[in-house]
Every structure is written in C-alpha cells, then in structure tokens.
Amino acid sequence: MLGREYKSCRWRHHLHSGASALKKNKRVSFFQSFNMAAARRLKRVAASQPGFLHLKSTSDSIDSMSSRRKRVNKNKKKNWNKHSDIIDVEEFLEDVRHQERTTGGLLSEKSDDSLFFVDVGQSKKAEQKESIEGKKRKGKTSRPLRIDLILQHDSLVPPPKDVLAYQQPNAKKLRRIAQKAEQLAAKGVVPRRQKQLPNRRPVDRKAKKAVTEANNNPDREYYDIWGQESKDSADPWYLQQTGKKLVTRPEKLNEKPSVLPAVEVIAPGGSYNPDFFSHQALLQEAHDVEVKKQKEEDKIQRQLAINKEDRATEETTLREQVEGLVEEENEEDTAPNEEEGGVAVGAIALAEKKTERQRKRQKADKIKEQQRLSDRRQTEQRQQLFQLRSIKSSIKQQEKKTKDKQKLRKAKQEAQKGQPRRLGRLKFQAQDLEVQLSDELAGSLRQLKPEGSVLKDRFKSLQKRNLIEPRERAKFKRIHKLKYVEKRAFREIT
Amino acid sequence: MGGLQKKKFERGSATNYITRNKARKKLQLSLPDFRRLCILKGIYPHEPKHKKKVNKGSTAPRTFYLLKDIRFLLHEPIVGKFRDYKVFVRKLKKAYGKTEWSAVERLKENKPTYKLDHIIKERYPTFIDALRDIDDSLCMCFLFSTFARTGKCHVQTIQLCRRLTVEWMNYVITARALRKVFISIKGIYYQAEVMGQLITWLVPYQFSHDHPTDVDYRVMATFTELYTTLLGFINFRLYHSLNLLYPPKLDSKSESELKEENEEDYALNSECYLEKLSALSASLARVVSTAEEEEEAEPDQFPIEGEDLEKMEEKEKKQKEQEAQKKLFEGLKFYLNREVPRESLAFVIRCFGGEVSWDKSVCIGSTYEVTDETITHQIVDRPNINKQYINRYYIQPQWVYDCINAKILLPVEDYFLGVTLPPHLSPFVEEKDGDYMPPEKVKIMALQRGEKPVHEQEDDDEEEGEDDDEGEDEEEEDDNEDEEDDDAESEEKNLKKMEEQRSQGKSLQVKVTPGKMKVQNPARLEQEEKAEEKRLAIMMMKKKEKYLYDKIMFGKKRKIREANKLAAKRKAYDDAEKAKKKKARK
C-alpha cells in the first residue's frame, strides 16, 4: 500500500519539489513523516539546488543517452513515471540523508568549529595515543559485546518523537474535572465516591484461600455444619434462574442398598486366644467352605475328563476300519421306507370336494353341538346353587394358597436383602475366612501374627453391601504383537 | 386394532434404568470420575428385577443405575470441578512436555480443588443420621492412618486420617463411651456408645500391612475422602457437646507436665503437638473450665405403674451398671512395658478412668517412671521379668480387655506372668438362655452376680473340686429347664444311695422310729398345682397350637441337648489336657 501511494505521488512530487522529497522519505522511515522540522529544512534545501529540473530536460537526457530516440506520449501519467529521470534528485537526497546520518545535520550548516580543529603538535598526539591506549586497555577489561555493537544505533539522526506519547486523551475534560474537584475540596465538600469508601465490604481474603485449599489438607478446619441454618439470603427465583440452587436430594436415595451392618464382627473363634469350641466351630466353617470349593473344582475336572466309552477299543477300531464295506442289510431296510413316504405324499393330493348334503349335515351337527353345550352350562350353573358350600371352601383354599405364596415370596425377598446383588459382569465372591490353625495360635499378644488384611476386608464389605460392583483388576493387554528382531551386534557374536 | 403399533422397550422398566456407560456419557465424565462421583454422592448401582426387559432383550450382564439418580447427578456442582481437573492435568502434562517449569509452578499453585461440605449436609441432613453412618468412616480412617507413607495414597490423606482418629479417641476417652473390646486375629474391634448409638469399629494392628493387589486403591481413597470430611464434622460437633475446644488442646496443667527438655529429639515442632495428643495420656482443655466433678443431672422421675415401672427399674439398673463400668479403672495406676501394644492399651485404660504411663523412650507423653511406688499394675508380655516391685501386680495385657468386657475387675491370679491365659471371649456374642456357654463365661457371670468365686486354681490338687463345680453348674442349668422332674430325681437319688449301700454290704439301718407328720410345704404344693395346671392347659390345646407348642419345646430341648453335649465334650477335653499335663510333669 505504501509502495503504491509512493508511485502515484511521484510526479506530483517532482512538480512540487520539496514535498516529493519529504514523501519519499516515507519509504525510508515511516515516522519521518511526523518530523515536521526536518521536512521543512529538506524542502528548503531541495529548492535551492541547481539540479532540480523539469520533465522535459530529463527526458531529453535519457534520449540522448540511448541510441534510438524513443517517442513517448506525455499525456499519460504512466509514461511520466516511466520515462522521467530522477536519478540526480535521488542522489542528492541520498547525500543529504547520508550527511544527516553521519554528522547529525548538513555539513554546510555546521559551524567551522565543529568541523575543524587546530593541529597543535606532536606532544598532544602522543598524549592522545596514550589515552587511547589506556582506553583500549580499559576496553580489554570491559569490552562491549559484539552483539551490542551491532545493535547500536549508528545513525545520528535523532529518533522521531512519538507525539501520541505526549498526548493525553480527553486532556481538556480531565483538566476541567480536576479543577472542579480542587475547588470543591477547597470548599470542604467530599465527593460521593469517597464518602462511600468506608462503607465498602472488606475483601474476603480467607474465602479465596479456602477455595484453593485441598480437600485432604491435614490442617483443614471444620465447623458446625448441622448447627447453622441454611442462609437463603439470595432471592430463590434468582438462584433458580441462574442455576445456583441446589437440587434437593430425593428421600429414596438415603435408603441403604443392603441391610447388613457396616462392620461385621468376626466369629468368637477368631479371637487371638479363642475358646476351644468356638475355635473348632470356626475351623469347621472354614473347612466346609473349602470342601465346597474342592467339590466344584472336582466337578469341572470330571466334566472335562474323557468319557470312558469314548475311548477307542479294539472293537471300535475294527468297526471303523470296516466302515462302508459291510452294509447290505441296512440298505434293504431303508428301501421300503422310501416307498411309504411316496404314498403319503400322494394322499395329500386326494382331497375331494364335499357335496351339498354333506355341508348341510355338518352345519346341523355344529348347531346341535353348540346347543348341547349351552344346555349343559345352564344346568351346571343351576347345580352350582346347591354346591355353594364347596365353592366357598374352594375359594377359601385358593385365597389361603395365595397368601402362603405371598408370605413365602416376602420371606424370600427379606432373605435376598442381606445377600449381595448381581451388579455387573462378575458375581460377588466372599473373601477367604480368616482362620488360624490350632498350632498357629499365639500364646500371648506379643507373639500374635495378624491374619488377613483389613483393607481387603473393608473392600469386600463395600461390595457385599452393594455399594460398589465387584470387579477384577484390569489385565494388561498388548495391542500390537511383539516382534523380535535380532540385533546386528548379536548376530556377529553368534 | 387400529392405532400405532407399540414399540418395545419404550415404556416400563426399560425406561427407568440406564446402563453405566450411557450414564457416563450423559454426564460427560470418564469412568474413574464417574465412579468417584457416584461414591461421593451415595448413588449405587441397582439390580433390576427383570434384567432382560431392562437390557432391551439382551441378557448380557451389565451394571444398571436408576435413571432418576443419574438425572439428579446432573445438577451436582462437583461435576464441573472434575472437568476442570481434567483440563488442569492436560495443561500440566503439556507444560511438563515442553519443560516450562514456571508454567508448571503456576499451574500447580492454581490446582482446582473441591469441597464435600455440601454433600455431607445433603446426605446427612441431621447430626444423628451422620452418627449412625460413622462405623464405616472410622474403620476407613483408622485403616488409612496405619498405612506407610509410601505412595499408595497421598501422604496428606494419611496425616489427616491420623489427626481425625486421634481426635476421635480423645473424645471417646473424655466421654468414657467405650463399651466392648475384642482382640481378634484380624485387628481389634471396639464398640462405643455415643449419644445412644452403638458404634463399632475395627483397628488394624500396626505394621501388619501387605498391600493386597486385588483392592482398588482409588475407590478406597475416594471413600476415605468422603469419610474424612464426615468424621471431621462429627468430631467438631461431639467436642462441642462436651464443651471441649475443637482443634483439641491439652489441658494447661497436663501440658506443663508433658513439657520435656528434649522434645526436639523426638519430633519436629510442627508434629509435636499431634504426637502428644496421640499419646492419649493427657486430658483435654475445655471451653469453660468446669469444676472437677460435674454434677450429673438426675433424670426426672415420673410416677409410673405396672409394666412400665419394671422397665424403668431395669433401665435404672442398667444405667447404674454403666456408671460403675465407666469408673472401672479409677484409682488404678498402670505402667506399660515396651513390648505391649501401647496405643490400644493406653486408649482402653484411659477410657475407664485409669492412669497410664510408659517408658520415656517408647513414646512421648509418659507421665511417671517405672520406679513410681504408687503404680498398682504393670502390664508385661514376656515370660519373666528380672526386677520386680512387691507392691504391684505384674499382669498380661489380656487382663485389661477381659475386665472391660466383664465390666468388673477380674481376679488377677489367672493373668500373672507366665501363666497360661484363659481364653479371650468375644463380647459381641449374646447367648440366649439354653445356649451352650463356655465355662469361663459362666464363671465370669457368676462373678458379675457378686458370688464369691470358689477359689479354683489350675493345680492338680483341686482338680476334683473344680470338676464338681462344673457338674453343679450343669445341674443348675438342668434344674432351670425342667422343674417338674426335680422331686422324682431326688427320690431316685435316695433310692440309688440305698442300693449302693446295700451292694457294698452294709447292713441297712433298720430302726423303728416314731412316725412323723409329713409336713406339707405350702410353697411346694403351690408349685405342684401350677405344674398340674400347665399340664392340663397343654392337654386342652387345639391341635394346631399343640403342634406349634411341641415344635417350640422340641427346639428348646434340642438346644439343651446340644449344649450338654458340648459341655461334656469340653469336660473330656479338659480332662485330657490335665492328664497330659500330669504326664509332662512326671
């Protein structure tokens, strides 16, 4: 965009001398356009130069240089751009810029003192050298880094001033407000905002700290959660609309999923120094469990075992060898069967059409049968009047039966309540009973070896009470098969 | 006829349930997060009655939740926190991957956390509700507090659990709420009565953990997270109910006593206070320092008649018993040797008003030395001890526990050093009349009734005496069961005696004595009459009732028979043991 602007302006600049130089400077440095003083000076300088030429002369000079004369229409701006020679102007401007960069201004404008010095003699030079050497030595100790040297500002043109940095938006308005405030303060009137300051709520620093405090912080504080009444300070409607209202918990959720107690105390035989019989009872129990397990295992073993009848005997092997060689008798048996089948298939096709008479007869029979049945029903109903007592008793019996069934079902449900439910893929499996054999029992508390793990006991208890579903540890499963590659070094050895 | 065809599984139970995976997707949570949420909110899977209907015709085993429960979960603010946490972890991973340590620091500082206070309030609307459910949380906290700090769970959790359990034990001590203790092979079961609720918990033995692999630690940690919050709030409330300062403070008096010069050697300054608290040897500071002996408010007495009166009397009796139990060890001074489980014993002894101390090097907070002359009991668990003081009993730790369960101070002789201990019976077994009771229990019950124990030593000399006692006990039981047969038996005995005498060849005392009027015992007559009436009543019973009655009586008799059998077995066993001992001695 900048480039295009520059191009379109080019001719105009030529015509208007200094302005062109100014605008061309845009390319060099964007900020320069703001530097009004420098621009003014440039304008002046450019105007005073003798080499500032018009269009015609420049085109002539180009033509003279080229071997063939080129005719160019001068009524097109495009051609102006193309065929006017601005090299000298640019050279001049470049020179000016160079001077400014290197000396900080035009040499012609500098005073003589700043350009020349009086050469007084050798002695001073020596001193200067010494001083330079000293500087050098000094520089050795603290030489600037090369990167700093590269990054140094090497132009003597002062950087343009950022006007915006000194400007204040709404300065006038602010100044007026400040003045007014001063006036009021002089009168002793305190502004409203200041008056409200002491009424402001203090910043709750503690609350913020509580937010970041972890839940398992060992020094966390507790308070009376059941004592304080719920503070519904905010409007309930507001809370509901903003989704901040806590939904009340349904009553049903507070029911426990099992009737079992949280902590089931171990049987008296589990004492560290048990009574003989209770210990025996516990051992018996553990034994029964073990026997049951063993039985199941045996059953599976039995099912997996090869059946004795399936084993090859001499007879079966012989039969197998002769298979297909001696089978004439069977063929004879099967042949007549096939014939019978053929006859049966033929019989289906032999359905004949009924005659009119047959139809009428059938209809009459049907009506008669219905009549008979309805008569019989009526007599039965009449007879039931005399059977009232037996009917009553039968009803009673039925009711009793249903009641019994209900009771049974209820009892079953009650029994089910204490049982772990099937909550997932796996069934609940009770942990092994903790038992110490008679010779493992410790004589004193010091020698006691604890049995089982409390952690596992708790975990199983949670499962037993249907609080969590039984699971098994996830197995590590390799997605891709392992591939074995022989290393080169290894191959060399072997 | 007519209308649209009803589609299957669009109404009824199929719409009331939701599978776990669907629920998880609905909540936009990962499975572990979903599990955690369900545990925290108290929403458990449900087994439908007709699985096939719910599972849309499939019989594949699935986990189902009630749809309404999951809908309720949707409103939970913690769900948002879980999502925040997920984002936090992702950011942290990224920062680690790029090795931007400043970003890691910043993220860690702003780690999203959540509180469970509102969930506690929601799940337990009243304090009593919470107290009823505290068993689980106590077990879990005690369990976690014994874990080693090895990265199985957060160290902070372990510390918090330890703090909460110490607070709880201190409360139980101050309230004198402990009722029963049972040392099992698994751990120690305690039972306390707090505000009328019986609370049971299990404390594992120290240093006994092998970490089982088939336990999901994440699930357990989630439960613990909830339970620590619950227990903290309950502790606060309980402390305030006793006028104690809540973050518990030691009494100023005991604090100065516990001040030692080399505290720094034992624990860091920050941990010192908790350690002193967990020593359980000092009493706690109260909000309002009350007089030493609080006047117990006597319950108002109302005039009551009939059965209620009996009940009231029973109640009062029970209360008195309890009061007595609370002061069981008062005035006794215990000293724990270093080989006994210090924490459990200190807790138990202090719960019943005893004073307790131990060697300085065992734990902080010991109050007196071994050389103290006022020590009444020293608890020792080794076969013999070199230097013994005359004025104190050297007993094995089981004595303390047995005394508590028996609610009286048992004779110390059975628990001396090196003596084979009587069995430690479970206090959680409640025998009905007619059940078999081990002889030790019978003995304890006799002691409770205030009968002087016939001095039974396990020595061989008094073997017979003991046997007789046991026999008597059995007889007593029999007597209670069937009174009718009593007279007949006694007559039979007389006859037998006479027969024996005759067989031994002694001449019968043939003497004619003046006849005596048979004195009619009115009480006896009355009894007979009653028995007769009962028999008649049985005869007059309807067939159905009679059947039931017979069944009940048969059950009772069977029980008695079994009990007798066991008793006989026991006797045989004991005899065998004694014979063995004798042999060994010879």
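In chain B, take the contacts (heavy atoms within 4.5 Å) between residues at least 6 apart in sequence: 62% join residues at least 24 apart. This is a predicted model, where local features need pLDDT of at least 70, side-chain atom pairs count only at pLDDT 80 or more, and totals for chains, interfaces and linings use all residues. Residues are numbered from 1 along each chain as its sequence is written, chains are lettered from A and ligands numbered from 1 in the order in which they are written, and side-chain values use heavy atoms, with hydrogens and water left out.

Stay with chain B. Its secondary structure comprises 23 helices and nine strands; these are DSSP runs numbered from the N terminus, with helices (H or I) of at least four residues and strands (E) of at least two. Of its 586 residues, 40% are buried, meaning under 20% relative accessible area, while exposed is over 50% and partly exposed lies in between (1.4 Å probe, protein chains only). The accessible surface is about 36400 Å², with 50% on carbon and sulfur atoms. Such areas come from the Shrake-Rupley method with a 1.4 Å probe; for residues, only the protein chains shown count as cover.

Now the interface. The size of an interface is often given as the accessible area lost when the parts come together. Chains A and B bury about 7700 Å² between them, 63% of it on carbon and sulfur atoms; the area is summed over both parts (1.4 Å probe). Tyr222(A), Trp226(A) and Leu455(A) supply 12% of what chain A buries against chain B, more than any other three residues. The contact takes 72 residues from chain A and 102 residues from chain B. Across it the rule finds 14 salt bridges, each a side-chain nitrogen of Lys or Arg within 4 Å of a carboxyl oxygen of Asp or Glu. Arg249(A) and Glu122(B) meet in a salt bridge at 3.2 Å, N to O.

Helix H15 of chain A spans residues 276-304. Its 29 residues reach 42 Å from first C-alpha to last, close to the 42 Å expected at 1.5 Å a residue, a span taken as 1.5 Å times one less than the number of residues. Phe277(A), Ser278(A), His279(A), Leu282(A), Leu283(A) and Ala286(A) are buried in H15(A). The buried residues of H15(A) pack against helix H23 (543-585) of chain B.

Two residues of chain A close the tour. Gln463(A) sits in helix H20 (residues 454-464) and is buried, at 4% relative accessible area. Beyond residues up to four places away in sequence, Gln463(A) touches Phe428(A), Ile468(A), Glu469(A), Pro470(A) and Arg471(A). Ile147(A), in helix H9 (residues 146-151), is exposed at 53%.

How values were computed
Buried area is the accessible area (1.4 Å probe) that two parts lose on being put together, summed over both.
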